[in-house]
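Open the model in your viewer and keep the sequence panel beside it. This tour moves from one selection to the next and says what is there.

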Amino acid sequence: MPNFCAAPNCTRKSTQSDLAFFRFPRDPVRCQRWVENCRRADLEDKTPDQLNKHYRLCAKHFETSMICRSSPYRTVLRDNAVPTIFDLTSHLNNPHSRHRKRIKELSEDEIRTLKQQKTTAIVEDHRILHRLNSSKFLQEPSSEQSTIL
């Protein structure tokens, strides 16, 4: 059975290409961010387990930095991956696609809040990476440090 992308205005399905499809996360906070970014009002009342079991997003909705290709046969998302790439206007030109997946219209405040959440997440990711790199430097002496010791 093919997977269909749950993103609004996206008609991709798994039988059409080698494009990866990803389940909605079971983590309630991350799952909520996926639903908010999709702007599908009909998904808001579903539980993370329901979304994980029945809905997928294709790789086209994720920044390439969020996707890991661990092998030629396996594509996975980073633990903090959130979909951010959506076409929210093409339905305006095609009246037949209007009813397929309803897009939730956002107010200016909601848009501002989403942008702030994305910025905060990026800053936090950079802090974590900096901490990891700092601790790695402290734990593993470089070749220069080894010769001094």
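Start with a term for the colouring: a residue is buried under 20% relative accessible area, exposed over 50% and partly exposed in between, with a 1.4 Å probe and protein chains only. The model is predicted, with local features needing pLDDT of at least 70 and side-chain atom pairs counting only at pLDDT 80 or more, while totals for chains, interfaces and linings use all residues. Residues are numbered from 1 along each chain as its sequence is written, and side-chain values use heavy atoms, with hydrogens and water left out.

**The whole chain**

Show the cartoon first. The protein chain has four helices and four strands. These are DSSP runs numbered from the N terminus: helices are H or I with at least four residues, strands are E with at least two. Follow the chain along the sequence and the pattern reads β-α-α-β-β-β-α-α.

Of the 149 residues, 27% count as buried.

A contact means heavy atoms within 4.5 Å. Among contacts with a separation of 6 or more, 60% join residues 24 or more positions apart.

**Stop 1: the cysteines**

Select cysteine 5. Is cysteine 5 buried or exposed? Cysteine 5 counts as buried because its relative accessibility is 1%.

How many disulfides does the structure hold? The structure holds zero. Cysteine 5 is in no disulfide, and the nearest cysteine sulfur, that of cysteine 10, is 3.6 Å away. The cut-off for a disulfide is a pair of cysteine sulfur atoms within 2.5 Å. A disulfide is a covalent bond between the sulfur atoms of two cysteines.

**Stop 2**

Most residues other than glycine have a negative phi.

Select asparagine 9, in the segment before β1 (21-23). Its phi is about 65°.

Next, select arginine 39. Arginine 39 sits in the loop between α1 and α2 (48-54). Its phi is near 60°, again positive in a residue other than glycine. Arginine 39 counts as buried because its relative accessible area is 14%.

**Stop 3: helix α1 at proline 28**

Select proline 28, which is in helix α1. Its relative accessibility is 53%, so proline 28 counts as exposed.

**Stop 4**

Select asparagine 52 in helix α2. Asparagine 52 is buried, with a relative accessible area of 8%. Which residues does asparagine 52 touch, not counting residues up to four places away in sequence? They are Arg23, Phe24, Pro25 and Arg26.

Move on to arginine 56, in strand β2 (residues 56-58). At 12% relative accessibility, arginine 56 is buried as well. Beyond four places in sequence, arginine 56 touches residues including Asn3, Phe4, Cys5 and Ala6. Phe21, Phe22, Arg23 and Phe24 are also among its contacts.

**Stop 5: the largest pocket**

Finish by selecting Arg33, Val82, Thr84, Lys118 and Ile122, which lie nearest the centre of the largest pocket. A pocket is an open set of points on a 1 Å grid over the protein atoms alone, where a 1.4 Å probe fits, with protein on both sides within 12 Å along at least five of seven lines; lining residues have an atom within 4 Å of a point.

The volume of the largest pocket is about 870 Å³. Volume here is the space filled by probe spheres set on the points, which are joined across faces, edges and corners.

In total, 29 residues line the largest pocket. Colour α3 (108-139), which, like α1 (28-38), supplies at least two of the lining residues. The largest share, twelve residues, comes from α3. By class, the lining has 13 nonpolar, six polar and ten charged residues. Nonpolar covers Ala, Val, Leu, Ile, Met, Phe, Trp, Tyr, Cys and Pro; charged covers Asp, Glu, Lys and Arg; the others, Gly among them, are polar.
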